[in-house]
Amino acid sequence: MEALGVIISILVVISLIAAIAQQLGGGNSLEAINKQVTEPGRLLAQKFRSLGNMTGKTRAEIERVVGAPNSISAMGDGNVMCQWLVAGYHIAIAFEPNGKFIGIQHEFSQL
């Protein structure tokens, strides 16, 4: 009886995925869902690209374009690492105590 419940749950999930895909415009359901899930990552990556070379920019200038970071961590010597993370995109940037850009510590994109 428990196996039947699991099978019914799986079928319900599959039906929900198909319904979501249909609402997103049909096509390959996995592609449609992937596009919807990773859209915030594409938008964030595009905002960072619009900044161009960030050398000389301040954290405030960067945040005005891309929004507030999801995480802020102390690095020592007063430096901080700010991280922006959404589905499909992650970037970690180091800043001096005065807010000046030091460099990109990590960037990952699966878009």
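This is a predicted model: local features need pLDDT of at least 70, side-chain atom pairs count only at pLDDT 80 or more; totals for chains, interfaces and linings use all residues.
**Overall make-up**

The protein has 111 residues, and buried residues make up 27% of them. Its secondary structure comes to 3 helices and 4 strands. Along the sequence the pattern reads α-α-α-β-β-β-β. The accessible surface is about 7300 Å². Carbon and sulfur atoms account for 58% of that surface. Take the contacts between residues at least 6 apart in sequence: 26% of these join residues at least 24 apart.

| Strand pair | Bridges | Facing residues |
|---|---|---|
| Strand 1 and strand 2 | 5 bridges | Ile-72 and Cys-82 |
| Strand 2 and strand 3 | 7 bridges | Val-80 and Phe-95 |
| Strand 3 and strand 4 | 7 bridges | Ala-94 and Gly-103 |

Two hairpins deserve a look. Strand 2 (residues 79-86) and strand 3 form a hairpin with 2 residues between them. Gly-88 sits in that turn and has a positive phi of about 95 degrees. Strand 3 and strand 4 form a hairpin with 5 residues between them. In this turn, Gly-99 has a positive phi of about 90 degrees. Strand 4 itself covers residues 101-109.

**Strand 3**

Strand 3 spans residues 89-95. 7 of its 7 residues are buried, so the strand is largely enclosed by the rest of the structure. Its side chains point two ways. Tyr-89, Ile-91, Ile-93 and Phe-95 point one way, while His-90, Ala-92 and Ala-94 point the other way. The residues on both sides are buried.

**Asn-79**

Asn-79 lies in strand 2. Its relative accessible area is 19%. The cut-off for buried is under 20%, so Asn-79 counts as buried. Leaving out residues up to four places away in sequence, Asn-79 touches Ser-73, Ala-74, Phe-95, Glu-96, Pro-97 and Ile-102. One of these, Phe-95, is also the bridge partner of Val-80.

**The helices**

Two packed helices are described by the angle between their axes and the distance between the axes. Helix 2 (residues 29-51) and helix 3 (residues 59-66) pack at an angle of about 135 degrees. Their axes are 9 Å apart. The two helices are therefore oblique to each other. Their crossing is right-handed.

Which residues meet where these helices pack? From helix 2 come Leu-44, Lys-47, Phe-48, Ser-50 and Leu-51. From helix 3 come Ile-62, Val-65 and Val-66.

Note on methods
Residues are numbered from 1 along each chain as its sequence is written. Side-chain values use heavy atoms; hydrogens and water are left out. Buried means under 20% relative accessible area, exposed over 50%, partly exposed in between (1.4 Å probe, protein chains only). Two strands pair if DSSP finds at least two bridges between them. Contact means heavy atoms within 4.5 Å. Accessible areas come from the Shrake-Rupley method with a 1.4 Å probe; for residues, only the protein chains shown count as cover. Axes are lines fitted to C-alpha atoms, for helices over the stretch in contact, and angles run from 0 to 180 degrees between N-to-C directions. Angles under 35 degrees count as roughly parallel, over 145 as roughly antiparallel, 65 to 115 as roughly perpendicular and the rest as oblique. A crossing is left-handed if the near helix is turned anticlockwise from the far one by less than a right angle, and right-handed if clockwise.
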